[in-house]
Amino acid sequence: MERHYFFPPARAYALNRFLYRLKSDAALRERFLGDAEAAMEGQDLDEKTRAALASFERDALVALGAHPYLVFMARLRLDMTRTPGTFEHF
């Protein structure tokens, strides 16, 4: 039986923290969209995680321990920032 929910592993704390910040911090989103590598500097993210974030591949991020909700919300907020006025703000 496949589990519906899982707790992210402790090893993925930096990844989930960064996704949370992408979701919540407009200035970080702008920096990430302008230069993802520079925005990830100093965030304690390994090379594999940085590559997954740069491509924002959902399955790769979840496989690294990202919480699916944070991946979804960070991506949504990035899309809203990238193309203002195309999404209803909530």
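The accessible surface of the protein comes to about 6,000 Å², and carbon and sulfur atoms hold 54% of it. The model is a predicted one.

**Overall build**

The protein has six helices and zero strands. Along the sequence, the elements follow the pattern α-α-α-α-α-α. The radius of gyration is 13 Å, close to the 12 Å that the globule rule gives for 90 residues, so the protein is as compact as a globular protein of that length. Taken along the principal axes, the box filled by the C-alpha atoms is roughly 40 × 30 × 20 Å.

Of the 90 residues in the protein, 38% are buried. Among contacts with a separation of 6 or more, 54% are between residues 24 or more positions apart.

**Helix α1**

Helix α1 covers residues 13–24. The buried residues of α1 are Ala14, Leu15, Asn16, Phe18, Leu19, Arg21, Leu22 and Lys23. An α-helix has 3.6 residues a turn, so residues three or four places apart point the same way. Which helices do the buried residues of α1 pack against? Their partners are α2 (26–34), α3 (36–40), α4 (47–55), α5 (58–63) and α6 (68–82).

Alanine 39 lies in helix α3. Its relative accessibility is 5%, and it counts as buried because the cut-off for a buried residue is under 20%. Not counting residues up to four places away in sequence, alanine 39 touches Phe18, Leu28, Arg31 and Phe32. One of these, Phe18, is also among the buried residues of α1. The C-alpha atoms of alanine 39 and phenylalanine 18 are separated by 9.8 Å, and the two residues are 21 residues apart along the chain.

Alanine 52 is placed in helix α4. Is alanine 52 buried or exposed? With a relative accessible area of 6%, alanine 52 is buried. Leaving aside neighbours within four places in sequence, alanine 52 is in contact with Glu57, Ala60, Leu61 and Leu64. Threonine 83 is 31 residues from alanine 52 along the chain, and their C-alpha atoms are separated by 22 Å.

**Two loop residues with positive phi**

Aspartate 44 is found in the loop between α3 and α4. Although it is not a glycine, aspartate 44 has a positive phi of about 60 degrees. Phenylalanine 56 lies in the loop between α4 and α5. Phenylalanine 56 is not a glycine either, and its phi is positive, at about 50 degrees.

Phenylalanine 56 counts as buried, at 8% relative accessibility.

| Residue | Relative accessible area | State |
|---|---|---|
| Alanine 39 | 5% | buried |
| Alanine 52 | 6% | buried |
| Phenylalanine 56 | 8% | buried |

Definitions and conventions: Residues numbered from 1 in each chain as written. Predicted model: local features only at pLDDT ≥ 70, side-chain atom pairs only at ≥ 80, totals over all residues. Heavy atoms only, no water. Helix = DSSP H or I, 4+ residues; strand = E, 2+ residues; numbered from the N terminus. Rg over C-alpha atoms; globule rule 2.2 N^0.38 Å. Buried < 20%, exposed > 50% of the residue type's maximum accessible area, 1.4 Å probe, protein only. Contact = heavy atoms within 4.5 Å. Areas by Shrake-Rupley, 256 points an atom, 1.4 Å probe, with all protein chains shown as cover. Expected span 1.5 Å × (residues − 1).
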